[in-house]
Amino acid sequence: MSSPDPQVRAARNHSTSPAVRGPVVAVTGAASGIGALLTERLAASEEIKQVIAIDERRGECAAAQWHILDVRDPAIAEKLRGADVVVHLALDLYLETDPAARSAYNVRGTQTVLTAAAAAGVHRVVLCTSAMVYGALPDNELPLSEDAELRATAEATGVGDLLEVERLARRAPRAHPGLNVTVVRPGVLVGGTDTALTRYFESPRLLVVAGSRPAWQFCHVEDLCSALEYAVLEKVEGELAVGCDGWLEQEEVEELSGIRRMELPSAVALGAAARLHRIGLTPSPAGDLAYTMYPWVVSGSRLHDAGWRPQWTNEEVLAELLEEVAGRHTVVGRRLGRKDATAAGAAGATVALLGAAAVVRRARKARRRI
């Protein structure tokens with residue numbers, strides 16, 4: 001008896017193979033940034049049944065089912081029907097966004113997604129905030145456990161919004177019984193990101209505040225996406241910190257980067273940062289500076305206990321960051337052309353103190369002439 005045609009045999013095998021039994025996952029903010037990376041990753045996974053992508057514009061992942069709408073629109077509940085898990089990544093943490101508009105979008109968007117997920121019968125929502133919510137303080141342990149108290153204040157860019165997202169995450173299971181919420185808190189994100197902390201490395205000098213104890217822990221976006229996938233597949237839950245193993249001391253960062261330091265007294269650096277932000281010369285508030293002064297390194301023990309491991313080291317991520325920012329020049333928190341990038345310190349993540357002083361002196365002279 002002859003064997004069947006190979007194409008027939010393949011068709012039979014395909015028809016009898018079990019359907020994917022993994023979860024249907026919805027991703028908000030799916031068209032760009034981390035959302036786009038995670039959407040592509042989940043769509044390619046054999047453990048995921050389907051990906052629903054939600055954003056205000058269509059992204060490039062052809063394998064996902066796209067819905068175009070604002071996450072603050074209550075109609076999102078209908079788009080989430082049939083989803084098992086929602087990963088909410090539609091957050092605005094850009095430095096140049098108006099703070100009031102940013103907070104309105106971030107908080108209202110998270111509220112709407114949590115309520116809509118519960119109404120649609122979703123059983124798990126994964127939120128992404130930042131390890132910045134622990135606060136950068138001189139008495140922080142090295143490293144912090146996931147259960148450490150959230151001692152951050154609303155003084156740094158977007159951290160007030162993230163603290164409110166954390167509050168909504170804690171309240172959601174009580175308000176919506178049956179809804180589980182997992183929160184992922186990455187360290188300094190690197191990989192196509194633009195934050196006050198990545199701009200720190202765009203200055204001609206690395207500001208070091210006298211008496212401070214910096215400790216740098218990075219998180220590559222690829223490692224964040226793999227941690228989010230762990231949460232989606234329910235391999236781990238609760239509050240999760242994610243980052244490279246260990247940390248780098250300031251001296252190690254300077255040696256690896258080849259960027260020399262400029263050390264300033266605390267009162268001078270913080271006072272300059274506050275004044276420069278107040279008069280509109282920098283998009284970063286003075287609160288950002290604390291995250292370059294004191295440690296906020298996390299252990300990531302829950303992910304490690306579940307079998308997750310970072311694929312990147314702090315040294316490797318720093319090298320990628322330096323490659324990304326090569327040729328950029330930041331003065332008073334804003335990027336300038338090479339000819340304008342003069343001696344600088346930091347404002348926010350990097351106060352360009354000397355350049356700012358010159359700007360202020362010129363402004364004062366101009367006022368005296370009037």
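**Notebook: charged and polar side chains**

I began with Glu 255 and found this residue in helix H8. The model I am reading is a predicted one.

Entry 1, Glu 255 and its surroundings. I looked up the accessibility of Glu 255; the residue counts as exposed because its relative accessibility is 69%, and the cut-off for exposed is over 50%. I then noted that Glu 255 belongs to a surface patch of negative charge, in which Glu 249, Glu 252, Glu 315 and Glu 316 also gather. I checked which helices contribute: helix H8, spanning 250–257, and helix H11, spanning 314–325, each provide at least two residues of the negative patch.

I located Asp 55 in strand S2, which covers residues 50–55. I next looked for polar contacts to backbone nitrogens. The side chain of Asp 55 reaches the backbone nitrogen of Ala 31 at 2.8 Å, and a polar atom of that side chain lies 3.2 Å from the backbone nitrogen of Ala 30.

I placed Ser 212 in the loop that runs between strand S8 (206–209) and strand S9 (215–216). Is Ser 212 buried or exposed? I recorded Ser 212 as buried, because its relative accessible area is 17%, and buried means under 20%. I also recorded that the Ser 212 side chain reaches the backbone oxygen of Val 209 at 2.6 Å.

Notes. Residues numbered from 1 in each chain as written. Predicted model: local features only at pLDDT ≥ 70, side-chain atom pairs only at ≥ 80, totals over all residues. Heavy atoms only, no water. Patch = residues over 30% accessible without salt bridge, like charges linked within 9 Å, V, L, I, M, F, W, Y side chains within 5 Å. Areas by Shrake-Rupley, 256 points an atom, 1.4 Å probe, with all protein chains shown as cover. Salt bridge = Lys/Arg side-chain N within 4 Å of Asp/Glu carboxyl O. Lys, Arg positive; Asp, Glu negative; His and termini not counted. Charge placed at Lys NZ, Arg CZ, Asp CG, Glu CD. Helix = DSSP H or I, 4+ residues; strand = E, 2+ residues; numbered from the N terminus. Buried < 20%, exposed > 50% of the residue type's maximum accessible area, 1.4 Å probe, protein only. Polar contact = N/O pair within 3.5 Å; in protein donor to acceptor, adjacent residues only side chain to side chain.
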